[in-house]
Amino acid sequence: MINQFKHQATFIVLLLCCNVALADKWVFIGDSLTVGMIGNGRDFKARVQAAYAKQIDVVNTSRVGKHVTEYVREIDGILRQHPHARYFPILIGANDVRAYSERKARWLRSKLVTVLDKIVAARRVPILMRLTYNRRQEGDPRDNFNVNVYDPLIRQYSPRWFNQRENKGLIDVHGWVRSHQQYLARDGVHLTRSGYRAARQELLVETMAKVVYGSGKANVSESDVSLIGSAAPAVTQQQNAHSVQNTCNTPDVNTELAMNLELVQLIDNRIDRCVC
C-alpha cells in the first residue's frame with residue numbers, strides 16, 4: 001500500500017514538473033523598441049497561443065535607453081534568475097552606434113559576443129535580431145552595422161533565424177521598419193502604438209516564433225512564407241558546417257524532445273529528495 005502510494009505521488013509530481021517544463025520561457029533582451037513591442041509580454045504570449053496553440057512564459061528585461069555594455073554586466077544575473085528559460089531574443093545596440101567605423105564595429109561585436117557566448121554556454125538559445133532603421137540618420141549607418149556585425153553573428157549564433165537566400169538575419173527589424181515608415185513616430189526611430197502592435201505580430205509572432213513552433217494557425221503573408229522557407233535549407237547547411245561545440249550548444253527543433261527527456265530524468269533522480 002505504501003509503495004503504491006509512493007508510486008502515485010511520484011507520478012503526480014513528475015507530471016506537474018513536466019507540465020511546467022513544457023511551457024517554453026522567452027526572456028527578451030533589448031531597449032526601448034523591445035519595450036514597445038513586448039511590454040509586459042501578455043499580448044505576445046496570447047498571440048503565440050492563438051497562432052500555434054502553444055503555451056509560453058514571457059519575461060521582458062528590456063529598458064528604455066539600454067546599452068549593450070549594461071547587458072554585458074547583467075547577463076550572468078539574468079541567466080541565474082531564469083534558469084529554465086530557453087529562448088533569449090536580443091534586439092540591442094541601437095543606443096551604442098552613431099556613425100559607422102571599423103573600430104566601432106569591432107567594439108560592438110566584442111560586446112555582443114560576450115553576451116551571446118554566455119547564453120550559449122548556459123545551453124540556452126539566443127535569437128539575435130538586426131538593428132532597426134533610423135530615418136534621421138543620413139547614409140543609414142545602422143545598416144552597415146547589420147551587414148558587418150549582426151548578420152555574421154546571427155549566422156553563427158542563431159542559424160535557425162538566418163536567411164540564407166538573402167544572406168542576412170531573418171528577423172529584419174531594419175528592413176521591416178524602413179518599408180513601414182507610416183508606423184514611425186516623429187523622432188524617426190521609435191514606433192507608434194499601432195506600429196509596435198504590427199511589428200509584434202509580423203516580426204515576432206509570424207517570423208521569430210514560427211521558426212520554433214511551425215505554421216500552426218498563423219495568418220502569415222506570402223512574403224513571410226517565402227522568407228522563412230528560404231531560411232530552412234540554410235539551417236541544415238549551417239549545422240552541418242558547425243563545430244561539435246556549436247551544434248551541442250544550439251539545440252534545434254529535433255533536439256527539443258531529447259531536452260525534455262533529459263529534464264524528466266533529472267526530475268526522476270531528484271524526486272526522493274523533493275527537489276523538483
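The paragraphs below go through the sheet, the helices and the salt bridges of this structure.

The model is predicted, so local features need pLDDT of at least 70 and side-chain atom pairs count only at pLDDT 80 or more, while totals for chains, interfaces and linings use all residues. Residues are numbered from 1 along each chain as its sequence is written, and side-chain values use heavy atoms, with hydrogens and water left out.

Start with the sheet. Strands of a sheet pair through backbone hydrogen bonds, either parallel or antiparallel. Here, four strands form an open sheet in the order 2-1-3-4, and the pairing is parallel. Helices (H or I, at least four residues) and strands (E, at least two) are DSSP runs, numbered from the N terminus. Two strands pair if DSSP finds at least two bridges between them. Strand 2 (56–60) and strand 4 stand at the edges with a single partner strand each, so one side of each has no neighbour in the sheet. On average, neighbouring strands of this sheet are turned by 20 degrees against each other, direction ignored. Strand 1 and strand 2 pair in the parallel sense over five bridges. Trp26 has Val58 in strand 2 as its bridge partner.

Next come the helices. Helix 8 lies across strand 1, strand 2, strand 3 and strand 4, and runs at about 135 degrees to strand 1. Axes are lines fitted to C-alpha atoms, for helices over the stretch in contact, and angles run from 0 to 180 degrees between N-to-C directions. Contact means heavy atoms within 4.5 Å. Glu206 lies in helix 8 (residues 193–213). Glu206 counts as buried because its relative accessibility is 6%; buried means under 20% relative accessible area, exposed over 50%, and partly exposed in between (1.4 Å probe, protein chains only). Glu206 and Val48 are 158 residues apart in sequence, and their C-alpha atoms are 8.8 Å apart in space.

The axes of helix 5 (residues 102–121) and helix 6 come within 10 Å and cross at roughly 20 degrees. Helix 5 and helix 6 are therefore roughly parallel to each other (angles under 35 degrees count as roughly parallel, over 145 as roughly antiparallel, 65 to 115 as roughly perpendicular and the rest as oblique). Their crossing is right-handed, meaning that the near helix is turned clockwise from the far one by less than a right angle. Among the residues that make the contact are Leu108 and Leu112 of helix 5 and Phe145 and Val149 of helix 6.

The structure holds twelve of them, each being a side-chain nitrogen of Lys or Arg within 4 Å of a carboxyl oxygen of Asp or Glu. In the one between Arg86 and Asp24, the closest N and O atoms are 3.3 Å apart. This pair links distant parts of the chain, with Arg86 in the loop between helix 4 (68–81) and strand 3 (87–91) and Asp24 in strand 1 (residues 24–30), 62 residues apart. Arg86 counts as buried at 11% relative accessibility, and Asp24 counts as buried at 4%.

Arg130 forms a salt bridge with Asp151, with the closest N and O atoms 2.9 Å apart. Arg130 is in the loop between strand 4 (125–128) and helix 6 (141–157), and Asp151 is in helix 6, 21 residues apart. Arg130 is buried, with a relative accessible area of 4%. Asp151 counts as buried at 6% relative accessibility. Both belong to a network of salt bridges that also links Asp143, Glu166, Lys168 and Asp172.
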